[in-house]
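Me: I have a two-chain model open and want to talk through it. Can you take my questions one by one?
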Amino acid sequence: MTLIGKLIGSRSRKPATTRPDNIHAYHAEAVRLVAVARESGLRFQRQWVIFFVAVIGMLALLAALYLNVTASASIAGRQIQSLEIDIVTNEQVNADLETQIATLMSDSVLQQRAQVMGFVPVDRTKLEYIVVPGYFPSRPVSMVSAAVPVEALTSSPEFNETLIDWISKQVAAASLPLSEAKH
Amino acid sequence: MKKTYQVRSLSLSMLFAVLGSVIVFQIIRIQNSPEAALFLQQGARYAGSLETLFPERGQIYDRNGNLLAGNRTVYEVGVSLADVRNPNSIALALSVTLGLDYDKTLNSIKNPPTGTVYLVLDDFVDSDKARALQDLQQQLVDQYKAAGDASLAGLGFRAHLQRSYPENSLASNVIGFVNREGHGYYGVEEKYNDLLAGLPVTVWVPEDPNRAEELPKVPKGADLILTINREIQAMVETELQKGVTDSGAQAGTAVVIDPHNGEILAMASTPEMNLNDFWQYGSIYKNASEFNRAVSMQYEPGSVFKILTMAAAIDTGTVAPHTTYLDTGYFEIGGSYIYNWDQGAWGTQDMIGCLEHSLNVCLARVASLMGKDQFYTYMQRFGIGHKTGIDLAMEADGRLKTPTDSDWYEVDLGTNSFGQGVAVSPIQLITAASAIANDGKMVYPHVLYGMVSNGHQYNTPSQTLGTPISPQTARTVTEMLATALEDGKSVARVDGYRIAGKTGTAQIPGPNGLYDPTLTNASFIGWGPVDDPKFLVFVWLDRPISSGWASYVASPVFHNIVEKLVVLLGIPPDDVRHQLTGQ
């Protein structure tokens, strides 16, 4: 049975009983078979098969994408949880270390160390005062950090804004007069 | 044959269809059953947990940024009951390392309360001990791996922060302490507890990583910067303790304040307490007012009060520095007699001599001349009998009887004029005296220099509580006090520095209202340099034994403090200062 014969099934088997004995006969036979196949709806079946395979492929693709995104989100979620634990731990360690340093630099410890090193408290009668141009007496400490506080990554609009929000914002921005638009 | 297969196929199809229908029916039934809500609750219970995030308690610094109160890591030790393999080993390890009772621990692990999953066995364990336990746990896991018996399996550690005080007892009376529940008591820790503690946040933490969200940032409590200078505080505590020991006093108090802005540079009170051992509070103090006598204890101040009477008299024009009177040794007022401290008559005296010799008769006469209305108006302007509003917990009110009170008598005008029959807290007296040291302006005493929150520092502005006397009066009284110290060759003086001050020796009233003949409160208040006061120092020794007189026990303490204070504050002697100013 020919390939086309297999595809079209029993309805196209009847012509196979006669065997042509030259090339022209084969050609005529093939043309006839194609015509028969067309008449029997082969094209219709092939389209359905292709459509079915395409749907399956799409579903598989979507499933793969979903799994990928879900897995990535899960991993990111775990990383967030882990990083948050690290942050808390590091903050505790920082506080602990600061207290340890303060203990090592406490007044009593420093006095003991100074005495061991041979220092003695100054006698006020031995002090000499001189004028130092440009000198200003020390002022109480300022504890404000020069570092700019970093905002959480997720506070950026990219993480909170929906597509609708974004489009609305773009439309609103586009409708602004040129003079008010941000450059 | 073909028919048989058809029957079988049909039967199987029917069976599976029925089974499927039953399953679908059961799903729908369960979802709509009365227990559905319960199932949902159970599901939700395991979907995550509510966790309260406690912010780190704010730190406390002195004015130069030295840490006075911080936080350190400690551990909660417990067991996950489902993972415990060998309760005996855990009980033994905890009894050896942490000193827990072996039997109690073992019993707790073997017979936990019903429904307990995790059992806390100890808390606030030092990191050294927790680390030792963790190391032991790991060693035993390695050793017992072959036998399949992880000896300390199930033992868990949870780190958290606990208040810690690197300077131990330094400035303990100002700082206060925090108990294990995280609540501040006394001093700054109590007064600013809400600021220091911050706001805890309760959040839902899902188990599902897909629903994991960034936890909200819990800002730590505000950091506080105090006006206290650590070095001055340590020096004042040392000198005060020396004074208490030398005089045999029951307790003592010393305060150093900047009279221009009310910043308290040092505030010491004995006995002190190591704040890291706060549970010893009960064995150190008999009552709450002893924790910080400078703020919470009120007493009859005695002769140091005379500076206020004299200031009022000068301000009203009742007397002038060189107004004289004849001291006969007694003064009759309200049917009672007022005598001098030595029961003697001092002859003709001016107002400087009156202060120099601390003559009760003089001040009673001056108050009488001034009149009760003016006298009490001025005392109220000085804030006597009212809280100053200092930012420390448990400030005492004091008591000033006035003519409108039912228990006030005419003689009270006389006794109040030299500091008897009136109760003040040291900080009240210091605040009142700041008006004399600061050109008539009475400053608000405070220990908070600034607060740091969310990266911003908010400094406390200096405030004036009032102007009870004129600048001229303030300068006149200061000059009178300085001259009195110099003429009297007081031991309080410090060579090279002109200082104004006054002693105060007050008898102590007993429970029956009569004054004890032997026990006294000895105090000294002074400021300097006279032409531009940079410090105001107050010393009070409670019931000194070596001598009851303030000039013998309190003045030396004042002298010793000022002698070191001028070095720490970088105040040159007056002549050098004038010379440098001229350059």
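Me: Are helix 12 and helix 18 of chain B parallel or oblique to each other?
Reply: This is a predicted model, so take every value as computed from it. Helix 12 (residues 306–316) and helix 18 (residues 471–487) of chain B pack at an angle of about 130°, with their axes 9 Å apart. Helix 12 and helix 18 of chain B are therefore oblique.

Me: What is the handedness of the crossing of helix 12 and helix 18 of chain B?
Reply: The crossing of helix 12 and helix 18 of chain B is right-handed.

Me: Which residues of helix 12 and helix 18 of chain B meet?
Reply: Helix 12 of chain B brings B:Ile307, B:Met310, B:Ala311, B:Ile314 and B:Asp315. From helix 18 of chain B they meet B:Thr473, B:Thr476, B:Val477 and B:Leu481. That contact divides into six nonpolar residues, two polar and one charged.

Me: Now helix 9 and helix 19 of chain B. At what angle do they pack?
Reply: The angle is about 160°, and the axes of helix 9 and helix 19 of chain B are 10 Å apart. Angles over 145 degrees count as roughly antiparallel. Helix 9 and helix 19 of chain B are therefore roughly antiparallel to each other. Their crossing is right-handed.

Me: Which residues of helix 9 of chain B meet helix 19 of chain B?
Reply: Helix 9 of chain B uses B:Glu231, B:Ile232, B:Met235, B:Val236, B:Glu239, B:Leu240, B:Gly243 and B:Ser247. Among their partners in helix 19 of chain B are B:Val553, B:Asn560, B:Lys564 and B:Leu568. The contact of helix 9 with helix 19 of chain B divides into ten nonpolar, three polar and three charged residues.

Me: And how do helix 3 and helix 4 of chain B pack?
Reply: Helix 3 (residues 87–97) and helix 4 (residues 102–110) of chain B pack at about 140°, axes 9 Å apart. The crossing of helix 3 and helix 4 of chain B is right-handed. In helix 3 of chain B, the contact residues include B:Pro87, B:Ile90 and B:Leu94. In helix 4 of chain B, they include B:Tyr102, B:Leu106 and B:Ile109. Eight of the residues in this contact are nonpolar, three polar and one charged.

Me: Switching to strands. What is the order in the open sheet of five strands in chain B?
Reply: The order is 11-10-22-21-20, with antiparallel pairing.

Me: Which strands stand at the edges?
Reply: Strand 11 (264–269) and strand 20 (500–509) of chain B. Each has a single partner strand, so one side of each is left without a neighbour in the sheet. Neighbouring strands of this sheet are turned by 10° against each other on average, direction ignored.

Me: How many bridges join strand 10 to strand 22 of chain B?
Reply: Seven, between residues 251–257 and residues 535–542, and the two strands run antiparallel. B:Ala251 stands opposite B:Asp542 in strand 22.

Me: Which peptide bonds are cis?
Reply: Two to look at. The bond from B:Thr270 to B:Pro271 is cis, with omega near -5°. B:Pro271 lies in the loop between strand 11 and helix 10 (281–284) of chain B. The bond from B:Gly528 to B:Pro529 is also cis, with omega near -15°. B:Pro529 is in the loop between strand 21 (515–528) and strand 22 of chain B.

Me: What about phi at B:Phe124, positive or negative?
Reply: Positive, about 55°, although B:Phe124 is not a glycine. B:Phe124 sits in strand 4 (residues 118–126) of chain B. Most residues other than glycine have a negative phi.

Me: How many residues does each chain give to the contact between chain A and chain B?
Reply: Chain B gives 40 residues and chain A gives 33. Strand 3 of chain B supplies the largest share of the side that touches chain A, five residues. Helix 9 (230–247) and helix 19 (550–568) of chain B are among the elements that each supply at least two residues. The chain B side divides into 18 nonpolar, twelve polar and ten charged residues.

Me: Last one. Where is confidence lowest and highest in chain A?
Reply: Lowest in helix 1 (residues 3–8) of chain A, at a mean pLDDT of 44, and highest in helix 4 (residues 107–116) of chain A, at 94. Chain A averages 78, and 74% of the residues score at least 70. Over residues 1–17 of chain A, pLDDT stays under 50. The model has 19 contacts beyond four places in sequence for residues 1–17 of chain A. Where pLDDT is low, the predicted coordinates should not be read in detail.

How values were computed
Residues are numbered from 1 along each chain as its sequence is written. Chains are lettered from A and ligands numbered from 1 in the order in which they are written. This is a predicted model: local features need pLDDT of at least 70, side-chain atom pairs count only at pLDDT 80 or more; totals for chains, interfaces and linings use all residues. Two strands pair if DSSP finds at least two bridges between them. Helices (H or I, at least four residues) and strands (E, at least two) are DSSP runs, numbered from the N terminus. Axes are lines fitted to C-alpha atoms, for helices over the stretch in contact, and angles run from 0 to 180 degrees between N-to-C directions. Angles under 35 degrees count as roughly parallel, over 145 as roughly antiparallel, 65 to 115 as roughly perpendicular and the rest as oblique. A crossing is left-handed if the near helix is turned anticlockwise from the far one by less than a right angle, and right-handed if clockwise. Two residues are in contact if their C-beta atoms, placed from the backbone, lie within 7 Å. Ala, Val, Leu, Ile, Met, Phe, Trp, Tyr, Cys and Pro count as nonpolar, Asp, Glu, Lys and Arg as charged, and the others, Gly among them, as polar. pLDDT is the predictor's confidence in each residue, from 0 to 100.
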